[in-house]
Amino acid sequence: MIFSDDPINDLGSTSPQPTAGQLITGIKQLITKAHDHGITFIRGSGSGCDGVVDQDAATHDPANPTWYSPS
């Protein structure tokens with residue numbers, strides 16, 4: 001399973017906005033469910049994940065960190 005938190009900016013449009021603790025709890029629940037089904041690949045090794053993919057580092061131009069890589 002790959003869980004991507006790319007749409008995190010959509011949280012500003014919800015009311016009430018979730019707290020950091022609620023977001024962390026939700027991600028931990030996803031990790032537990034994935035483990036229960038024999039799958040996991042969620043960011044953050046300290047949170048119980050099996051691996052990490054840094055999408056930001058993989059897609060952005062190192063010379064212009066706020067731009068996508070041209071390649």
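**Close-up views of a predicted chain**

**Figure 1. The hairpin of strands S1 and S2.** Strands S1 and S2 form a hairpin in which 2 residues lie between them. The model shown here, as in every view below, is predicted. The two strands pair in the antiparallel sense, and 2 bridges join them. S1 covers residues 60-61, and S2 covers residues 64-68.

**Figure 2. The surroundings of His 60.** His 60 belongs to strand S1. Its side chain makes a polar contact with the side chain of Thr 59, at 3.2 Å. Thr 59 is the residue at which helix H2 (residues 55-59) ends. When neighbours within four places in sequence are left aside, His 60 is in contact with Pro 65, Thr 66, Trp 67, Tyr 68 and Ser 69.

**Figure 3. Asp 61, a buried residue of S1.** Asp 61 is also placed in strand S1. Is this residue buried or exposed? Asp 61 is buried, because its relative accessible area is 14% and the cut-off for burial is under 20%. Residues up to four places away in sequence not being counted, Asp 61 touches Trp 67, Tyr 68, Ser 69 and Pro 70.

**Figure 4. Ala 57 in helix H2.** Ala 57 lies in helix H2, which comprises residues 55-59. The relative accessibility of Ala 57 is 55%, and the residue therefore counts as exposed, the cut-off being over 50%. Ser 69 stands 12 residues from Ala 57 along the chain, and the C-alpha atoms of the two are separated by 9.6 Å. Ser 69 is also among the residues in contact with His 60 and among those touched by Asp 61. Within the chain, confidence is lowest in H2, where the mean is 78.

Figure 5. Helix H1 runs over residues 20-36 and has the highest confidence in the chain, with a mean of 86. How far apart are the end C-alpha atoms of H1? They are 24 Å apart, which agrees with the span of 24 Å that 17 residues should reach at 1.5 Å a residue. Gly 38 follows H1 and has a positive phi, near 75 degrees.

**Figure 6. Thr 32 and Gly 48.** Thr 32 is a residue of helix H1. With a relative accessible area of 44%, Thr 32 is partly exposed. Gly 48 is 16 residues from Thr 32 in sequence, and the distance between their C-alpha atoms is 8.7 Å.

**Figure 7. The chain as a whole.** The chain contains 2 helices and 2 strands, and from the N terminus on these elements run α-α-β-β. Of its 71 residues, 11% count as buried, Asp 61 being one of the buried residues. The chain exposes about 5500 Å², of which carbon and sulfur atoms supply 57%. Among contacts with a separation of 6 or more, 25% are made by residues 24 or more positions apart. The mean pLDDT of the chain is 75, and 69% of the residues reach 70 or more.

Methods
Residues numbered from 1 in each chain as written. Predicted model: local features only at pLDDT ≥ 70, side-chain atom pairs only at ≥ 80, totals over all residues. Heavy atoms only, no water. Helix = DSSP H or I, 4+ residues; strand = E, 2+ residues; numbered from the N terminus. Polar contact = N/O pair within 3.5 Å; in protein donor to acceptor, adjacent residues only side chain to side chain. Contact = heavy atoms within 4.5 Å. Buried < 20%, exposed > 50% of the residue type's maximum accessible area, 1.4 Å probe, protein only. Areas by Shrake-Rupley, 256 points an atom, 1.4 Å probe, with all protein chains shown as cover. pLDDT = per-residue confidence, 0-100. Expected span 1.5 Å × (residues − 1). Pairing = 2+ DSSP bridges.
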